[in-house]
Amino acid sequence: MSQRFVVTPAAGGLVEPRTQSGGATEPELSGRSSLRPSPRPSPRPSPSPSPRPGARLAGEKVPAEPGTKVAKDDALPILHYCREPSRYGDGSPRENSPFINNTDMERENNYEGKNMALFEEEMDSNPMVSSLLNKLANYTNLSQGVVEHEEDEDSKRKEIKAPRMGTFIGVYLPCLQNILGVILFLRLTWIVGTAGILESLIIVSMCCTCTMLTAISMSAIATNGVVPAGGSYYMISRSLGPEFGGAVGLCFYLGTTFAGAMYILGTIEIFLTYISPSAAIFHSEDVEGENGAMLNNMRVYGTCTLALMAMVVFVGVKYVNKLALVFLACVILSILAIYAGVIKTAFDPPNIPICLLGNRTLSKRDFDVCAKVQHINYETVTTPLWGLFCNSSNLNATCDEYFSQNNVTEIQGIPGIASGVIRENLWSTYAEKGAYVEKQGILSSSVSEETKTSSLPYVLTDIMTYFTMLVGIYFPSVTGIMAGSNRSGDLRDAQKSIPTGTILAIVTTSFIYLSCIVLFGACIEGVILRDKFGEALNGKLVIGMLAWPSPWVIVIGSFFSTCGAGLQSLTGAPRLLQAIARDGIVPFLQVFGHGKANGEPTWALLLTALICEIGILIASLDSVAPILSMFFLMCYMFVNLACALQTLLRTPNWRPRFKYYHWTLSFLGMSLCLALMFICSWYYALFAMLIAGCIYKYIEYRGAEKEWGDGIRGLSLNAARYALLRVEHGPPHTKNWRPQVLVMLNLDSEQCVKHPRLLSFTTQLKAGKGLTIVGSVLEGTYLDKHHEAQRAEENIRSLMSVEKTKGFCQLVVSSTLRDGMSHLIQSAGLGGMKHNTVLMAWPSSWKLSDNPFSWKNFVDTVRDTTAAQQALLVAKNIDTFPQNQERFREGNIDVWWIVHDGGMLMLLPFLLRQHKVWRKCRMRIFTVAQMDDNSIQMKKDLQMFLYHLRISAEVEVVEMVENDISAFTYEKTLMMEQRSQMLTQMQLSKNEREREAQLIHDRNTAAVARTKAAAAPEKVQMTWTKEKLTSEKHKNKDTYVAGFRDIFTLKPEWGNLNQSNVRRMHTAVKLNGVVLSKSQDAQLVLLNMPGPPKNRQGDENYMEFLEVLTEGLNRVLLVRGGGREVITIYS
């Protein structure tokens, strides 16, 4: 239940309840205005009296007390208890406030309110400390199976009984039940016999050390705050982030699912081999066929058992939980029976004879007398064993050569702990598939060129054995350490119970395993240990023959324990998948988050059963065990990684209550897990890592963005900080220079971007590499504009996502646009990751009368970038630039290299052509030769320069003739200066300015018409010779003064023009004509951008020069270098 304060006037006001969707009543709120008293009393008092003078519940109408005066302006609020989620002022959920109004305590409330009067502005949004502490003290979890509770609907929450499970019941016993299982009963004796006592101790020690180190890391994570229900998945995902969390969570899910398959296969193996062999459906005569028939039997019975267990889980988990104690009791009784049997062998070993032929063990399934012949009534009669090796029962029959040359002997299968058999079982006895199970130390006559016949009753090895394979088969027997943490929602004190219970369970089970290895090796004959299916014991369970009082204690106990473990796996795996699906980090799994009305994961159970069926179709316990070992080892490895990462990062929130951990232990555990993965099976390990890697990349690419405060984010922050500090030392080398772009966007009145193509061009220029900062400025004060700023930032980020611009957004609210742009240029970026290039759009509206000073901001921005030694890119006609989806099939990118700018003009086309939009465009470089230049040599030098730069482009040198300044140039200059004078007369009214502008326009139009004939197009001389150069110089020198006189007589006011402006206009007009003649059809033209005048009086003239320079061109990028070399010929 969630609560918050409702503040109402103290004087006789009533609270009218309104009904929520959930049916609960809710007093009306008035936000901050509720701190003020109501101007009038409520219209109708409630006639019903309060049940007691104490607390009043939400929804009750509080009648005015008789004689109560109307509240004054300084009346203090009374706090009401209501069932509604509290809210921040910004709409985010706040903590609950469990205060109840007490009218008898009104005086104390008033007194307390005066003590807190300084904070009354925060009272309606922030919880009081006492409220927060009360809520935390009464914290309860939801039921198992739900992972994330932060956004659950308060109205749907149900009252849940407080968890009461302690360390022993809640953690220790579940871990014990999950760790001790099928491998202990079915495979541990075989592992001891094959690997020997010493190597078996090494195997068990490695695996138990791995789980102990993992338990230490898990204890540190589990005690670092409250772990909601969800256990291991919750810990990993919140420590390593959604990508690792999803990948490892799914691996853990697959491991749990395959564990269910392994337990079901173990159940069927016990049933068909030791309880009811006659129930087998498939039969075969020879050994090879018998193995195949057994696998088919496992598949049929396993599928039926899986279906039955899935139905039980579907009908109700409560039945599984009720049976858990029964299954646990079976495990404990079985282990006690083993120890009792070992003790009994010390003084009364059981009589279990084993039949040997030479040193080979014989299977007693087809005979009962261990002898070649026997004497009955003073007659020598052959035994059934003779008939198995000979072609008839006669004494003179032809028999197997090895049978004829070796004697049949009988030894005790379990000689007892005092027999000294431990010395024989110390060392390993690995064998190939199909090898004879032989007793060491007995002499036998060997036979040359013997062919193995499957009909002979020998005990043979069914698979090839070696150390690493045994590690993979054994490791599942130490899994299950997460059982306690998975029950974290049901524990009374999870932070205390999880470490204690888990570590005690690992210590207990490690002792059981290690002691069992030694005891099995000390009590049981080696050939019996290596007899996996008890064929020498007439098909009886080896460990059962050791137990006391009866072998059936172990058989029945192991059967029920494996049944219970399978049910637990089928119960836990779907809930784990449901938790991952509800987190929403893997989109295609969201369907598995749904289930029955009570929350049971129906769809997840169906998928789990299907995956489990894959393991059952494999049908071999020894083949399934390494698969789930991989998935569990990967999960444990990432638990250790999470703990080591959090410890090394020293994040402020890393404060585990469990203190006995260290990052070196976690790192050792992680390394051991990784080593065990490759020791068990290197190809399974690579396959499991490939699956995890694919899931990781999928979540990274398509998954939902989650910010869980995980360690990977912290690692990224530390790495970024380290890299920034290293980059800070100095400017980058020319080889490392790349355009780090600050994109200056303009916003309209709705805070939408005016020129979205600017971001498209940025993406094409950057191709996803390097730093991109998208900046914009809002005019005003931050307190007034912060909502608009937030909306504008969201609009910019959404546009960046659409245009696939990878970078950062930085929006500034400033008193003037000019100051805001200056602040961005100065302060955007951090440390060495600062921009070195500014990209902005050309202010196309600079000539409009209603926006007379837009050009001034632009020119000042140009000056700012120059002062900051940053490059400047100005895109003119930006709205005609291509989008990212467009493709140019042909065309040119023309570079007009007038002055050297550090190589920016060379580098930009190369970067653009990396993008698909410009990839098929050719690059052409034009440079301008003056009269004194050797254009032929210039072209050769430029080609050589481009060759060394490894840039392919066409080169052309354009020669410009020095000739007279045309009348058109003078007229353009006159128009420019007249407009400049017009703009300086700011005292004129708007109508007068418009009228004057119209007069100037009319006069200039007439002047242009009169002088159009005089302004003949200039001819461009493309090739210079010495004679042409000399004659042109003399011609210009002779006609220069005369030309001036003639031009001034044409229009007298031209003589009063500023000659500097005339020369600049002349350059702009001539260069524009040359560019138009060569590049009018180019897809993009890059030009050197001339710098603004040092005298600020001519700023508006500067804009006119740039306008004339680029007139008639479709797409233009004006480039101004930052004053340093950005491209080099050296490697």
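**Note on strands, salt bridges and a charged patch**

1. In this predicted model, Leu745 has Ser776 of strand β11 as its bridge partner. Strand β10 (residues 741-745) and β11 run parallel and are joined by 5 bridges.

2. Strand β11 also pairs with strand β12 (residues 808-814), again in parallel, through 7 bridges. Strand β11 itself covers residues 772-779 and is mostly shielded, with 7 of its 8 residues buried.

3. How many salt bridges does a search of the whole structure find? The number is 17. Three of them are taken up below, among them the pair Asp622 and Lys532, whose closest N and O atoms are 2.6 Å apart. Asp622 belongs to helix α18 (residues 621-649) and Lys532 to the loop between α14 (526-529) and α15 (542-546), so this pair ties together parts that are 90 residues apart in sequence. Asp622 and Lys532 are both buried.

4. Arg818 and Asp860 form another salt bridge, with 3.2 Å between the closest N and O atoms. Because Arg818 sits in helix α24 (residues 817-827) and Asp860 in helix α25 (residues 854-867), the pair ties together parts 42 residues apart in sequence. Are the two partners buried or exposed? Arg818 is partly exposed, since its relative accessible area is 22%, and buried would require under 20%. Asp860, at 9%, is buried.

5. Arg924 and Asp894 meet through their side chains in a salt bridge of 2.7 Å, N to O. Arg924 lies in strand β16 and Asp894 in strand β15 (residues 892-897), so the link is between distant parts of the chain, 30 residues apart. Both Arg924 and Asp894 are buried.

6. On the surface, a patch of positive charge gathers Lys804, Arg887, Arg889, Lys916, Arg919 and Lys920. Where is Arg919 found? Arg919 is in the loop between α26 (904-912) and β16 (922-929). Its relative accessible area is 46%, so Arg919 counts as partly exposed. A residue must have over 30% relative accessible area and no salt bridge to be part of such a patch.

Conventions: Residues are numbered from 1 along each chain as its sequence is written. This is a predicted model: local features need pLDDT of at least 70, side-chain atom pairs count only at pLDDT 80 or more; totals for chains, interfaces and linings use all residues. Side-chain values use heavy atoms; hydrogens and water are left out. Patches are made of residues with over 30% relative accessible area and no salt bridge: like charges are joined within 9 Å, nonpolar side chains (Val, Leu, Ile, Met, Phe, Trp, Tyr) within 5 Å. Accessible areas come from the Shrake-Rupley method with a 1.4 Å probe; for residues, only the protein chains shown count as cover. A salt bridge is a side-chain nitrogen of Lys or Arg within 4 Å of a carboxyl oxygen of Asp or Glu. Lys and Arg count as positive and Asp and Glu as negative; His and the chain ends are not counted. The place of a charge is taken as NZ of Lys, CZ of Arg, CG of Asp or CD of Glu. Helices (H or I, at least four residues) and strands (E, at least two) are DSSP runs, numbered from the N terminus. Buried means under 20% relative accessible area, exposed over 50%, partly exposed in between (1.4 Å probe, protein chains only). Two strands pair if DSSP finds at least two bridges between them.
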